[in-house]
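Try each task before reading on.

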Amino acid sequence: MAGLSLNQRAAVLSLLLLAVGLLVWELSIPAQKAATELTEYERLMGLGQERAGVPPPSQVMAKAWEQLSDPFYDAGPNDKGIGIQIGYSIYRVLTGYALAALIAIPLGFLIGMSPVAYKALNPFIQVLRPISPLAWMPLALFIIQDSEASAIFVIFICSIWPMLINTAFGVAGVRQDWVNVARTHELGPLRTAFTVILPAAAPTIVTGMRISIGIAWLVIVAAEMLVGGTGIGYYVWNEWNNLDLTSVIFSILMIGVVGMALDAAFGVLQRAVAYVE
Amino acid sequence: MTKPFLSVENLTQTYPDGQGGTLTVFENAGFGVEKGEFVVILGHSGCGKSTIMNILAGLAEPTSGVVKMDGYAVSGPSLDRGVVFQNYSLLPWLSTLKNVTFAVQARFPDWTRAQVTDHARKYLEMVGLSGDVIHRKPSQLSGGMRQRVSIARAFANHPKLLLLDEPFGALDALTRGTIQDELLKIWGGTEQTVFMITHDIDEAILLADRILLMTNGPYARVAESVEITIPRPRTRTGIIEHPNYYAIRNHLVQFLGTRSRELAGRQTDGAPATPETVRIDKTTDAEAADEAPVLRAVNH
């Protein structure tokens, strides 16, 4: 143990915790009695039927194997592979998110550069920001008249605020020295924005983007439960209606894995724009 | 009398003092700088040196008064006035070389990429930076190296006026000495007009053609213009041998120690003030040799 590096020791501990956790889970699920062991009374009461219960991890892993070995099958509206469902969710998240970024980053720039704009827009931001994104759903459904677009709108509205606020904050906080460098080199407003202010504020902006993508992924599951049709959120709800808890647990895990991957991608971007003063 | 290359006329700066009144930092300050001259301004903290520097750079507006360069009034920052800031002000996300090429590109927008890079490398080499070092980020350089980059960036742009705002203030004494020598070397080859702020009397004597002395604030003004009558090229070890060195040094120490305070707070009743020119030259004075040991004993 002493010969291992910190990372190796941490990995061993992680695997150990996983193994113990799975074992406890597996052992805590009571086994169903086989039909032959039942008394006549029990059989008469219909207890020979298989009862729904929380599945043990072995079943979940078998399900995962089955689903992941053919993720893109499409056998009708209520039976699509996990890959297709996740694909729909990611498509909605990225569309809503990209629209939000397209508006939030330039607008945040403007707010950060101009104290007047900041003061003027701040009350609106403060009122709109704490609204649960799902509260917009009825209004969005009524106005847009399209459940697909409404889900995207909900993602848009939930991911815009962290990006907007962080961009404004990052731009407003750019060191005056660097702005002075731009001024003494006679850089125009556009060149100053792109060559000095954007790289200076980039770490703060990307932090906002990272928070936004996390929130967007949280919200898409709930949004898809409401709008239905496709997507990982719909899949979870559909499997609950089917009382297939194995699939529910499997999809919960998949939501976690995809969320982690999205976050990691922004982690890479964050390291790329980071600088040391 | 012809106007000097840079002329500062009736410069006044006031700030609100927070109690409804105004605080006058300096009033009717005026002086001139000739082309190719190295002028250093000395004064205590709070006398408005940095404010004057920012006004010359075009980064700040004076309450009243004008700065004229080449006959035109200065308004706003310009590539004709390069600035070396005390805290280097390098862009931390760019490499050393990119920090310089960024400036060269702004100055010479028509140049090709290769021309810009060659020019930047040449000036970095002049301050002793070459090889792998120029691809490092500023955070990976020592304070002295960062200030060298900042100096290279300013000189590479051939500004008509170079402004140095306490460029060596944050450096240790040994590094400061080396970079002072390098600054002198580059400056010697370019005929660059330089205006510099410092707190360091020895640095001022080593570098300057003329030292402007400021009284304490409020109502600070440029009281004297002391000519440095030590011939160039100068070296740090060479100048202390010169008979004028201690005479000038004592004059400066005495001014900063006592007279800057005595002269402080006097309002000028609106008359444009020009600094009194002081010329100390012991080389033509026969009695100087007898006085020298006495002067040596004065320490600050």
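**Exercise 1.** What percentage of the 300 residues of chain B count as buried?

*Solution.* Start with what is on show: this is a predicted model. Next, take the cut-off: a residue is buried when its relative accessible area is under 20%. By that test, 53% of the 300 residues of chain B are buried. For chain A, the figure is 39% of 277 residues.

**Exercise 2.** Describe the secondary structure of each chain.

*Solution.* Take chain A first. It has 11 helices and 0 strands. Now chain B. It has 9 helices and 11 strands.

**Exercise 3.** Why does chain B count as compact as a globular protein of its length?

*Solution.* Step one: the globule rule gives 19 Å for 300 residues. Step two: the radius of gyration of chain B is 20 Å, close to that value, so chain B is as compact as such a protein. Step three: look at the spans. The C-alpha trace of chain B covers about 55 × 55 × 40 Å along its principal axes.

Now repeat the test for chain A. A compact globule of 277 residues would have a radius near 19 Å, but chain A has 25 Å. Its C-alpha trace spans about 95 × 65 × 35 Å.

**Exercise 4.** How far apart are the centres of the positive and negative side chains in chain B?

*Solution.* Count the charges: 30 positive and 33 negative. Their centres lie 7 Å apart. In chain A, the mean positions of 14 positive and 18 negative charges are 14 Å apart.

Terms used: Residues are numbered from 1 along each chain as its sequence is written. Chains are lettered from A and ligands numbered from 1 in the order in which they are written. This is a predicted model: local features need pLDDT of at least 70, side-chain atom pairs count only at pLDDT 80 or more; totals for chains, interfaces and linings use all residues. Side-chain values use heavy atoms; hydrogens and water are left out. Helices (H or I, at least four residues) and strands (E, at least two) are DSSP runs, numbered from the N terminus. The radius of gyration is taken over C-alpha atoms; the globule rule is 2.2 Å times the number of residues to the power 0.38. Buried means under 20% relative accessible area, exposed over 50%, partly exposed in between (1.4 Å probe, protein chains only). Lys and Arg count as positive and Asp and Glu as negative; His and the chain ends are not counted. The place of a charge is taken as NZ of Lys, CZ of Arg, CG of Asp or CD of Glu.
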